[in-house]
Amino acid sequence: LSLPDRNLGPSRLEPGAPPDFWGGDEDLQIRRLNWQLSYWRPRFVVREDVDRMGRKEDFDLGESAVLTLGYAPQAFGSTGSEGDVRADVGVGAQTRFGFGFANGNVSMRLRRGPIELIRRGEARWVLEMRPGRILVLAAEGEAGTEVERDFQVVVGGLSGLRAYPVQAIAGREVVRLNAEQRSVLVRNAWDLVSMGTAVFYDAARAWGPGAVGTGWFNSAGLGMRFSAPRSAI
């Protein structure tokens, strides 16, 4: 059972604002019953120095799929009777060039046709170049069609686009790419700390309302990594 509500007042557009952000009063209640069917076949691998230096980590490269079907009848207090569909899939792979995994999901509401169609996907590949040196490649994308006017995908300094403000770009469709080489320089120095570096490149772009006239945002840099091997944190 899920009970999402949405209450939006009228939008007041500033000069030059995209007309897609305009809208009047909106009061939406959804009282939805959900049914879920899931499949999961785990296949874990253990690696060291990927996300945390000097620590062994588990990565699931198995297959998974989840199908969620929902129905919100007006008789239960919903604004109008409607359906809801969500599908999630995940898969991983391991080769002599490293390992990786990808996840994707699609969700939509159904009311005389699909509305609020949202697609998301992400993928990550880890190349083990040699002990203590890891290359991580990642990609993520999200897009919305027939969505509400307050729908925005935001990317910035806290979400994979370093050296930019927290809300650097926003739009109805966003793609983000990342590459990072992580190297361990010193292991467990004085039984207190391990030190390493991270050389990175980030790129992202948005399309749709709020992103018209913008292009790719890029950043590159060098960071230091520190780990306390004897700490439980």
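Biologist: Which strands make up the open sheet, and in what order?

Modeller: In this predicted model, nine strands form an open sheet in the order β3-β6-β7-β8-β9-β10-β13-β14-β15, with antiparallel pairing.

Biologist: Which strands stand at the edges, and why is one side of each left without a neighbour?

Modeller: The edges are β3 (33–41) and β15 (217–227); each has a single partner strand, so one side of each has no neighbour in the sheet. On average, neighbouring strands here are turned by 10° against each other, ignoring direction.

Biologist: Let's zoom in on one pairing. How many bridges join β6 and β7?

Modeller: Nine bridges, in the antiparallel sense, between β6 (residues 63–72) and β7 (residues 82–95). Look for leucine 69, which stands opposite valine 85 in β7.

Biologist: On to the rings. How many aromatic pairs does a search of the whole structure find?

Modeller: Four. One of them is phenylalanine 59 with phenylalanine 99, a tilted pair at 5.2 Å centre to centre and 50° between the planes. This pair links distant parts of the chain: phenylalanine 59 is in strand β5 (residues 56–60) and phenylalanine 99 in strand β8 (residues 98–110), 40 residues apart.

Biologist: Are phenylalanine 59 and phenylalanine 99 buried or exposed?

Modeller: Both are buried. Together with Phe101, Phe59 and Phe99 form one aromatic cluster.

Biologist: And what kind of pair do tryptophan 207 and tryptophan 216 form?

Modeller: An edge-to-face one, 6.5 Å centre to centre with 85° between the planes. Tryptophan 207 counts as partly exposed because its relative accessibility is 32%; tryptophan 216 is partly exposed too, at 41%.

Biologist: What lies over the face of phenylalanine 200?

Modeller: Arginine 162, at 3.9 Å from the ring centre.

Technical notes. Residues numbered from 1 in each chain as written. Predicted model: local features only at pLDDT ≥ 70, side-chain atom pairs only at ≥ 80, totals over all residues. Heavy atoms only, no water. Phe/Tyr/Trp six-rings, centres within 6.5 Å; stacked < 30°, edge-to-face > 60°. Helix = DSSP H or I, 4+ residues; strand = E, 2+ residues; numbered from the N terminus. Buried < 20%, exposed > 50% of the residue type's maximum accessible area, 1.4 Å probe, protein only. Lys NZ or Arg CZ within 6 Å of the ring centre and 35° of its normal. Pairing = 2+ DSSP bridges. Axes fitted to C-alpha atoms, helices over the stretch in contact; angles between N-to-C directions.
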